[in-house]
Amino acid sequence: MEVQESMAWSYDEILDLVEAPDCFILILGEDSALVYIKEQLQGIGAEEFRAFLLAKTGKDFIRI
């Protein structure tokens, strides 16, 4: 698996939103995803980040 430090993407590229107890996962493709650890979010809480992603994508979270 290749790990990239940064990449450009837009909200319309998000295929699925996944929420685990400790993180949010944005699925961008079959072999591409972004993981945001809830405890490491800076300047925004997990509830606010969830609401922000829902508003930007119009998608519901898959909870695992």
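This report describes the fold, strand pairing, aromatic pairs, core and selected residues of a predicted model.

## Basis of the model

The model is predicted: local features need pLDDT of at least 70, side-chain atom pairs count only at pLDDT 80 or more, and totals for chains, interfaces and linings use all residues. Residues are numbered from 1 along each chain as its sequence is written, and side-chain values use heavy atoms, with hydrogens and water left out.

## Overall fold

The protein chain has 1 helix and 4 strands, in the order β-β-β-α-β from the N terminus. Helices (H or I, at least four residues) and strands (E, at least two) are DSSP runs, numbered from the N terminus.

Of the 64 residues in the protein chain, 28% are buried. Buried means under 20% relative accessible area, exposed over 50%, and partly exposed in between, with a 1.4 Å probe and protein chains only. Among contacts (heavy atoms within 4.5 Å) with a separation of 6 or more, 38% are between residues 24 or more positions apart.

## Strand pairing

Strand 1 (residues 16–19) pairs with strand 2 (residues 23–29) in the antiparallel sense, over 4 bridges. Two strands count as paired if DSSP finds at least two bridges between them. The two strands form a hairpin with 3 residues between them, and L17 has L26 in strand 2 as its bridge partner.

Strand 1 also runs parallel to strand 4 (residues 61–63), to which 3 bridges join it. Here E19 stands opposite R63 in strand 4.

## Aromatic pairs

The structure holds 5 aromatic pairs. Rings of Phe, Tyr and Trp (its six-membered ring) pair if their centres lie within 6.5 Å; planes under 30 degrees apart count as stacked, over 60 as edge-to-face and the rest as tilted. One of the pairs is Y11 with F52, whose ring centres are 5.8 Å apart and whose planes stand at 75°, so this pair is edge-to-face. Y11 lies in the segment before strand 1 and F52 in helix 1, so the pair ties together parts that are 41 residues apart in sequence. Y11 is partly exposed, with a relative accessible area of 28%, and F52 is also partly exposed, at 34%.

The rings of F24 and F61 have their centres 5.5 Å apart and their planes at 50°, so this pair is tilted. The pair links F24 in strand 2 with F61 in strand 4, 37 residues apart. Both F24 and F61 are buried, and together with Y36 and F49 they form one aromatic cluster.

## Nonpolar core

The largest nonpolar core has 10 residues: I14, L17, F24, L26, L28, L34, L41, F49, L53 and F61. Strand 2 and helix 1 each supply at least two residues of this core, and the largest share, 3 residues, comes from strand 2. A nonpolar core is a set of buried Ala, Val, Leu, Ile, Met, Phe, Trp, Tyr and Cys residues joined through side-chain atoms within 4.5 Å. In soluble globular proteins, nonpolar side chains tend to be buried together.

L26, in strand 2, is buried with a relative accessible area of 0%. Beyond four places in sequence, L26 is in contact with W9, I14, D16, L17, S32, A33, L34, Y36 and L53. L26 and L53 are 27 residues apart in sequence, with 9.4 Å between their C-alpha atoms. For F24, contacts beyond four places in sequence include V18, L34, Y36, K38, L41, F49 and F61.

## K38 and its surroundings

K38 lies in the loop between strand 3 (32–37) and helix 1 (46–57). K38 is buried, with a relative accessible area of 18%. A polar atom of the K38 side chain lies 3.1 Å from the backbone oxygen of A20.

K38 also lies over the face of F24, at 5.0 Å from the ring centre. A charge sits over a ring if NZ of Lys or CZ of Arg is within 6 Å of the ring centre and within 35 degrees of the ring normal. Beyond four places in sequence, the contacts of K38 are E19, A20, P21, D22, C23, F24, A46 and R50.

## D12 before strand 1

D12 is placed in the segment before strand 1 and is exposed, with a relative accessible area of 69%. The side chains of D12 and S10 are joined by a polar contact of 2.3 Å. A polar contact is a pair of N or O atoms within 3.5 Å; within protein, one must be able to donate a hydrogen and the other to accept it, and residues adjacent in sequence count only if both atoms are side-chain atoms. D12 and G58 are 46 residues apart along the chain, and their C-alpha atoms are separated by 9.5 Å.
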